[in-house]
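Please go through this structure with the text alongside. The paragraphs below take up helix packing, then a pocket and a cavity.

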Amino acid sequence: MGTLYVVGTPIGNMDDVTFRQLKVLESVDFIIAEDTRVTLKLLNRYEIKKTLVSYHGHSKKSCAEEIAERIMNGENAAIVTDAGMPCISDPGEELVKICALRNIDVKVVPGPSAVVSALAVSGLNTSRFSFEGFLSVNKKQRYDHLESVKNDTRTLIFYEAPHKLIASLEDFLKYFGDRKISLCRELTKIHEEVLRMSISEAIEYYKIQKPKGEYVLVIEGSDEKDNGQKVSLEQAAEYAEQLIENGEKAVNACKIAAKETGYAKSQLYSIVCGKKNDDWR
């Protein structure tokens, strides 16, 4: 029986590769790749010539079964992803499960991880964290996900694509309030950038600056003292409306309500403005 090697690859900078990774990629009988074109660039860089087997999110379960069968018949294989550690929030997870069920030896050859790399430079609490992957495009699943982690005191880490960034930030603001966030993009590449700000500041920033590149979003956890006590967004808006009725100007009312509830002033102001006429500003 052969062995499946789970091999990490560079997340951007092609020099972030280890001697052991190259040795394993050279020694196996075939390499399982998420995108063979991406993997071929890495192999060509280090003059490694191997048979590539395509295995991605749209592959049928029978594909994983066939790979496992080859390994059981004595071939050694390495699985890689386009960038970073395979089998973490990617299709390789299923292959590892199948191999484990068949008692196939699975060994790890560690490499860079976008999750840990972003956490390390975030400037936020690194002692306890939760990797949440990509948010679902299905609204119900997306909102259920955010609802389930909004009171988590651990640092939260999400992946996000540039064209969905602003929408996700707005959802974060709605469910988490105006927490600190570290936005890490293009890690280890030429245009690497790490921005540290509040969620509301990030929304305003990216309304002016078009998001580019793949993002890792690191968000501070919930304040344990506030869990179970935090008012809803609607309650915060109602509080601001009460202040207005008591004589406060809208801007000041939203500022006071934001300070006491943790929501962004702009967020409350937009809700209040939607219910009132302009004559009380």
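Helix axes are lines fitted to C-alpha atoms over the stretch in contact, and angles between N-to-C directions run from 0 to 180 degrees. Helices (H or I, at least four residues) and strands (E, at least two) are DSSP runs, numbered from the N terminus. This is a predicted model, in which local features need pLDDT of at least 70 and side-chain atom pairs count only at pLDDT 80 or more, while totals for chains, interfaces and linings use all residues. Residues are numbered from 1 along each chain as its sequence is written, and side-chain values use heavy atoms, with hydrogens and water left out.

Helix α6 (residues 139-149) packs on helix α7 (residues 165-176) at an angle of about 45°, and their axes are 10 Å apart. Therefore α6 and α7 are oblique to each other; angles under 35 degrees count as roughly parallel, over 145 as roughly antiparallel, 65 to 115 as roughly perpendicular and the rest as oblique. The crossing of α6 and α7 is right-handed, a term for a near helix turned clockwise from the far one by less than a right angle, anticlockwise being left-handed. In the contact (heavy atoms within 4.5 Å), R142, Y143, L146, E147 and V149 of α6 meet A167, S168, D171, F172, Y175 and F176 of α7. These residues comprise 7 nonpolar, 1 polar and 3 charged. Ala, Val, Leu, Ile, Met, Phe, Trp, Tyr, Cys and Pro count as nonpolar, Asp, Glu, Lys and Arg as charged, and the others, Gly among them, as polar.

Helix α3 (residues 61-72) and helix α4 (residues 92-101) also pack at about 45°, with axes 10 Å apart, which means that α3 is oblique to α4. Their crossing is right-handed. On the α3 side the contact involves K61, A64, E65, I67, A68 and I71, and on the α4 side E94, L95, I98 and C99. Of the residues in this contact, 7 are nonpolar and 3 charged, with no polar ones.

The axes of helix α9 (residues 233-245) and helix α10 (residues 250-261) cross at roughly 140° and come within 8 Å. These two helices, α9 and α10, are therefore oblique to each other, and their crossing is right-handed. From α9, the contact takes A236, Y239, A240, L243 and I244; from α10, A250, A253, C254, I256, A257, E260 and T261. The contact of α9 with α10 has 10 nonpolar residues, 1 polar and 1 charged.

Next come the spaces within the fold. On a 1 Å grid over the protein atoms alone, a cavity is a set of points where a 1.4 Å probe fits but cannot get out, a pocket is an open set with protein on both sides within 12 Å along at least five of seven lines, and lining residues have an atom within 4 Å of a point. Grid points are joined across faces, edges and corners, and a volume is the space filled by probe spheres set on the points.

The largest pocket has a volume of about 960 Å³. Its lining consists of 37 residues, with I11, D82, A83, G84 and A114 nearest the centre. At least two lining residues come from each of α2 (36-45), α5 (114-121), β6 (129-134), β7 (155-160), β8 (180-185) and β10 (215-219). Helix α2 gives the most, 4 residues. By class, the pocket lining has 21 nonpolar, 7 polar and 9 charged residues.

The structure holds 1 cavity of 30 Å³ or more. The largest cavity contains about 30 Å³ of space and is lined by E34, Y55, I79, V80, D90, P91 and G92. This lining divides into 4 nonpolar, 1 polar and 2 charged residues.
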